[in-house]
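Me: I am new to this structure. Please walk me through it in short questions and answers.

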Amino acid sequence: VRGLCGTFNGDQRDDFTTPEGDVEPGVAAFANAFRAAGACPALGPGLPEPCEAFPGSRELAEAACAVLMGAAFQ
């Protein structure tokens, strides 16, 4: 199993393996390897802060995490 979620082989050093078999050292280059050309802009060297880019994201994320951290998942 290999893809955006890693390789699931217990070796974190190869979790950023691209579809071409290269191991990328950073998140942006790894994510860009899976990007469909023209579908969205390429990530730069620094990752954007999602809560600044999308107003209201923090509240939605906290609400979703509250469900996962709740009694049903303990």
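Reply: Start with a rule for ring pairs. Rings of Phe, Tyr and Trp (its six-membered ring) pair if their centres lie within 6.5 Å; planes under 30 degrees apart are stacked, over 60 edge-to-face, and the rest tilted. By this rule the count comes to two aromatic pairs. One of them is F16 with F30, at 4.8 Å centre to centre and 20° between the planes, which is stacked.

Me: What kind of model is this, and how are residues numbered?
Reply: This is a predicted model, where local features need pLDDT of at least 70 and side-chain atom pairs count only at pLDDT 80 or more, while totals for chains, interfaces and linings use all residues. Side-chain values use heavy atoms, without hydrogens and water, and residues are numbered along each chain as its sequence is written, from 1.

Me: What is the mean pLDDT of the protein?
Reply: pLDDT is the predictor's confidence in each residue, from 0 to 100. In this protein 92% of residues reach 70 or more. The mean pLDDT is 82.

Me: Which element has the lowest mean pLDDT?
Reply: Helices (H or I, at least four residues) and strands (E, at least two) are DSSP runs, numbered from the N terminus. Among the elements, α3 has the highest mean pLDDT, 87. The lowest, 72, belongs to helix α2 (residues 50–53).

Me: How many residues apart are F16 and F30?
Reply: F16 sits in the segment before α1 (27–33). F30 lies in helix α1. The pair links distant parts of the chain, 14 residues apart.

Me: Is F30 buried or exposed?
Reply: Buried means under 20% relative accessible area, exposed over 50%, and partly exposed in between (1.4 Å probe, protein chains only). F16, at 28%, is partly exposed. F30 has a relative accessibility of 5%, so F30 counts as buried.

Me: Which residues form the aromatic cluster?
Reply: F30 also pairs with F34, edge-to-face, at 5.3 Å centre to centre and 70° between the planes. F34 is partly exposed, with a relative accessible area of 32%. One aromatic cluster is formed by F16, F30 and F34.

Me: Which residues are in contact with T18, leaving aside its neighbours within four places in sequence?
Reply: T18 is in the segment before α1. T18 counts as buried because its relative accessibility is 2%. Contact means heavy atoms within 4.5 Å. With those neighbours left aside, T18 is in contact with E24, F30, A33 and F34.

Me: Which side chains meet in a salt bridge?
Reply: A salt bridge is a side-chain nitrogen of Lys or Arg within 4 Å of a carboxyl oxygen of Asp or Glu. The structure holds one. R13 is exposed at 70% relative accessible area, and D11 is partly exposed at 25%. At 3.0 Å, N to O, the side chains that meet are R13 and D11.

Me: What separates the C-alpha atoms of R35 and E52?
Reply: R35 is found in the loop between α1 and α2. With a relative accessible area of 31%, R35 is partly exposed. R35 and E52 are 17 residues apart along the chain. Their C-alpha atoms are separated by 22 Å.
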